[in-house]
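Take a look at the chain below. The briefing that follows walks through its strands, helices and loops.

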Amino acid sequence: MLRSLPLLLLTLLLTLPLANRAATPHPPDLVLFIADDYTWHDLPAYGSTDVRTPNLDQLTQQSLRFRLAYAASPTCSPSRSAIYTGLYPMRNGAHANHSLIKEGVLTLPIYMQRLGYRVVIAGKTHIGPRDQFPFEYLPNSNIMPPGKHELLYTDLNTDAVDNLLKTNDRSKPLCLLVCSHSPHVYWMDNEGFDPAKITLPPYLVDTPETRSMRCQYYTDVAHMDQQVGQVRASLAKYNYSPIFMFTADQGAQWPFAKWELYDAGIRVPLLVQWPGHIKGYTSTDALVSLIDILPTFISLAGGTPPPDLDGQSFLNVLTASSNHHRDEIFAAHTGDKEMNVAPMRCIRTGPWKYILNLTPQIPYRTHINGGGPRDGRIYWDSWVKLAQHDPHAASVVQRYTHKPAEELYNLDTDPYELTNLAPLPQYKQTVDDLREKVRLWRIQQGEDPAAKPLMPTDGRTGELKYAG
């Protein structure tokens, strides 16, 4: 389809800053490893005592750890599209799961190719339309494990990554994205975790079924960690010394995590290794969003990020010239066709998290409480049964399925967001201030706050497959 003249002009204007990049004799190789549905606090670097992640533990020892990194959405396609466009979901167009970015929006492979990079993606994609994401899609990087036949069992093939690194023409810098399918459901069978000994986060209901499936999730986390180790071993074997980033697209498929704007859903691990530049085992409280990765890559490559991106380069944090990046971040969720539909927006600033639920009148039905056993129904049904006589379980079930119009949490004193302060009169001014910030952000993003909420069936949509 021919683009309109205004879109062509916009594209030209957006790319002009890249032509003015500083001369970079040897641009660094860049590797971004993205885990699939992995909550930040389920990594030892962020406090977990249960999960086995020796490779990520080693990476942590060699990296700058971001304590306050956030996804732009708690859902796969919107989060990944935001990472690859440097734009929040409403601006790039992919605000619902399986939806497509707007025509004319530029993406990471376009920017990095114009800076002279070979840009390759291995593993999970879950983005579209494909012609606007002109990655080199690594053949054979997605495989089906023996004996499995369903799409959600698709696995990353790190042998394909190894072969790429072995045969890569080193005359061009490499920008490589490695995207695991773990620990997205369906989780692996438990290998070596004792359900009786693990510690559950306080937002979950403690039942034998919860503990059993938690061990399956941890096993899948351990599998993803092995893949990180395999990729890093291949990099070392072929004498690569890249800037290596590790993160996740959003939180895991547990209640109050994936498809939610609580920290368990949008706060993500972010580790950055830069040999010779970043001192290992350091950390920063700089507040960043995953939309900042694209402009940071452009800066690392010697380019100038386009000024109209929502993302902002955090190169100054990587070079230790600053421990501050943003004063606030925003995030949005819409839904997934007929499931997980609860349009909401949020802001995180200072100690505060404010969540605006746009359809509080709709009971929240997700794959967890309305899907199949492997999606979460096994433990969810145990919660519902316990709730018949246990007040705590009843309150958790009620809280998950029915959203208030507004929520406010002090994350300094309530890191798991268990106590909603929004109804309390002493926090009225804080709620008013943050509500106004979210309103103005929605307008800047092209939303009309007075109109009905954008739903999954609005805008361009398409079926996108997990398997790339």
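Helices (H or I, at least four residues) and strands (E, at least two) are DSSP runs, numbered from the N terminus. Tyr186, for one, lies in the loop between β7 and α7. This is a predicted model, where local features need pLDDT of at least 70, side-chain atom pairs count only at pLDDT 80 or more, and totals for chains, interfaces and linings use all residues. Residues are numbered from 1 along each chain as its sequence is written, and side-chain values use heavy atoms, with hydrogens and water left out.

- Strands of a sheet pair through backbone hydrogen bonds, either parallel or antiparallel.
- Here, two strands count as paired if DSSP finds at least two bridges between them.
- Six bridges join β12 to strand β13 (residues 344-349) in the antiparallel sense.
- Phe330 has Ile347 in β13 as its bridge partner.

- Buried means under 20% relative accessible area, exposed means over 50%, and partly exposed is in between (1.4 Å probe, protein chains only).
- Strand β8 (residues 243-248) is mostly covered, with six of its six residues buried.
- Ile243, Met245 and Thr247 point one way from β8. Phe244, Phe246 and Ala248 point the other way, and all are buried.
- Strand β1 (residues 30-35) runs parallel to β8, and six bridges join them.
- Leu32 has Met245 in β8 as its bridge partner.
- Strand β10 (residues 270-273) pairs with β8 in the antiparallel sense, over four bridges.
- In β10, Gln273 stands opposite Phe244.

**Helix α7**

- How far apart are the end C-alpha atoms of helix α7 (residues 208-237)? They are 44 Å apart, which agrees with the 44 Å that its 30 residues should span at 1.5 Å a residue.
- The expected span is 1.5 Å times one less than the number of residues.
- α7 is mostly covered, as 22 of its 30 residues are buried.
- Just after α7, Asn239 takes a positive phi of about 65°.

**Helices α12 and α13**

- The axes of helix α12 (residues 377-387) and helix α13 (residues 391-401) come within 7 Å and cross at roughly 125°.
- That angle makes α12 oblique to α13.
- Angles under 35 degrees count as roughly parallel, over 145 as roughly antiparallel, 65 to 115 as roughly perpendicular and the rest as oblique.
- The crossing of α12 and α13 is left-handed. That is, the near helix is turned anticlockwise from the far one by less than a right angle; clockwise would be right-handed.
- Contact means heavy atoms within 4.5 Å.
- Which residues of α12 meet α13? They are Trp380, Trp383, Val384, Leu386 and Ala387.

**The loop between β7 and α7**

- Pro195 is found in the loop between β7 (174-179) and α7.
- Pro195 counts as partly exposed, at 31% relative accessibility.
- Leaving aside neighbours within four places in sequence, Pro195 is in contact with Asn190, Arg211, Ser212 and Cys215.
- Pro195 and Thr210 are 15 residues apart along the chain, and their C-alpha atoms are separated by 8.9 Å.
- The peptide bond from Val185 to Tyr186 is cis, with omega near 10°.

**Backbone exceptions in other loops**

- Most residues other than glycine have a negative phi, and most peptide bonds are trans.
- The peptide bond from Gly128 to Pro129 is cis, with omega near 0°. Pro129 sits in the loop between β3 (118-123) and β4 (136-137).
- Phe256 is not a glycine, yet has a positive phi of about 70°. Phe256 lies in the loop between β8 and α8 (263-266).
- Is Phe256 buried or exposed? At 2% relative accessibility, Phe256 counts as buried.
- Glu417 is not a glycine either, and has a positive phi of about 55°. Its place is in the loop between β15 and α14 (428-444).
- Glu417 is buried, with a relative accessible area of 1%.

Technical notes. Axes fitted to C-alpha atoms, helices over the stretch in contact; angles between N-to-C directions.
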